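These are my notebook entries on one structure. I took up one topic at a time and wrote down what I found.

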Amino acid sequence: MAISRSTYGTRRLAVVLFALLLATLFLLPSQSQRLLQYVGGPLGQILSLPLAAFSSLDHGISETWDGYVALQGVREENRQLRREIELLKGQNNQLRESVSATQRYEALLNFKEQASFQTVAAHVIGRDATNWYRGVILNKGESDGVRPEMGVVTPAGVVGRIVKANSTSSVVLLVTDPNNAVAGLVQRTRDEGIVEGTSHGRARLKYIPLLSRVQAGDHVVTSGLTGAFPRGLAIGRLTQVEKSEGDLFQSAEIEPEVDLSKLDEVLVITAPYEDADAAQKLLQEIHGDRKKP
């Protein structure tokens, strides 16, 4: 009975040792292969063949795992780089916008300094969304000296006139609105007329004398005969002259000098002349002389 228990324990120990040997051989194929080659002998050569295959498979699995880990690192690095690129794009857009705004401010400041009339600089903060008229909203109002009927310009030319104002903002009726009218003058021929907006969002010079030789390409400026604008501010360029038989006047379509769809900063003309009262008196005298026979 004692001999049987000893044999059973010996077998169980042998099985455990054999299992440990197999586990060592398959879990560490490369080390086991080198050990068997070192030991030599037929058994070592026989066992080294499948171990070589396991070693190759283990090496391939290790390379694949290392590649997977490296790929995960590359993906995370790519995501980080994409975030940095998007951040840099946003910063670049802000810098370009700042440069563009600085250039506009410089042009507006130079125009303001060279102008002989008094102005207030304002930002366009909105457009009229009611479709009742073509207008924009400014961030300056009565507290800044802005009043209805004042003219609005940019360095490029006439924008329109103020039609509404409260303490902090005001509304500009664009020169292309049918309800707007500005006294104009054709620079080449010196013929006067009235610039009005059209229902198609354009502008037209009306009441041109019938015998005038105006033509497409002529430039139109403010005549200074209305209180909102001084003389000589650019309004636009004639694109097409119309003269129908029987009409008392000619008319011409105008392309405005100012791109009214891209307004950012403007100047409100608070005083078109240094001495507005004297200018108005002079205009009245001129009109009075014209009426004399």
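**Entry 1: Arg237 and its partner**

I looked up Arg237 and found it partly exposed, with a relative accessible area of 31%; here buried means under 20% relative accessible area, exposed over 50%, and partly exposed in between, with a 1.4 Å probe and protein chains only. Arg237 forms a salt bridge with Glu255, and the closest N and O atoms are 3.0 Å apart. A salt bridge is a side-chain nitrogen of Lys or Arg within 4 Å of a carboxyl oxygen of Asp or Glu. Strands (E, at least two residues) and helices (H or I, at least four) are DSSP runs, numbered from the N terminus. Glu255 is also partly exposed, at a relative accessible area of 38%.

I note the basis of the model before going on. The model is predicted, so local features need pLDDT of at least 70 and side-chain atom pairs count only at pLDDT 80 or more, while totals for chains, interfaces and linings use all residues. Residues are numbered from 1 along each chain as its sequence is written, and side-chain values use heavy atoms, with hydrogens and water left out.

**Entry 2: other salt bridges**

How many salt bridges does the structure hold? I have twelve. Lys206 forms one of them with Glu196, the closest N and O atoms being 3.3 Å apart. This pair links distant parts of the chain, with Lys206 in strand S8 and Glu196 in strand S7, ten residues apart. Lys206 is partly exposed at 27% relative accessibility, whereas Glu196 counts as buried at 19%.

Arg79 and Glu76 meet through their side chains in a salt bridge of 2.9 Å, N to O. Both lie in helix H3, three residues apart, about one turn of the helix. Arg79 is partly exposed at 39% relative accessibility, and Glu76 is partly exposed at 38%.

I also found a network of salt bridges that links Arg202, Arg204, Glu242 and Glu253.

**Entry 3: two barrels**

Which strands make up the closed barrel that includes S10 and S11? I read the order as S6-S7-S8-S11-S10-S9, six strands with antiparallel pairing. Two strands pair if DSSP finds at least two bridges between them. Strand S6 (residues 181-186) and strand S7 (residues 192-197) run antiparallel and are joined by five bridges. Val182 has Val195 in S7 as its bridge partner.

I then traced a barrel of six strands in the order S1-S2-S5-S4-S3-S12, where the pairing is antiparallel. Its neighbouring strands are turned by 45° against each other on average, direction ignored. Strand S1 (residues 118-127) pairs with strand S12 (residues 265-271) over six bridges, and Thr119 has Ile269 in S12 as its bridge partner. S1 is joined to strand S2 (residues 135-138) by three bridges, with Gly126 opposite Ile137. Strand S3 (residues 151-154) and strand S4 (residues 157-165) are antiparallel, with four bridges. Gly151 stands opposite Arg161 in S4.

**Entry 4: a loop residue**

I looked up Gly217, in the loop between strand S8 (203-209) and strand S9 (219-222). Gly217 is partly exposed at 31% relative accessibility. Gly217 and Val241 are 24 residues apart in sequence and 9.8 Å apart in space, C-alpha to C-alpha.

**Entry 5: aromatic pairs**

I counted three aromatic pairs in the structure. Rings of Phe, Tyr and Trp (its six-membered ring) pair if their centres lie within 6.5 Å; planes under 30 degrees apart count as stacked, over 60 as edge-to-face and the rest as tilted. Trp65 and Tyr68 form a tilted pair, 5.7 Å centre to centre and 35° between the planes. Both lie in helix H3 (residues 41-114), three residues apart. Trp65 counts as exposed at 55% relative accessibility, while Tyr68 is partly exposed at 43%.

Phe111 and Phe117 form an edge-to-face pair, 6.2 Å centre to centre with 65° between the planes.

Key:
Axes fitted to C-alpha atoms, helices over the stretch in contact; angles between N-to-C directions.
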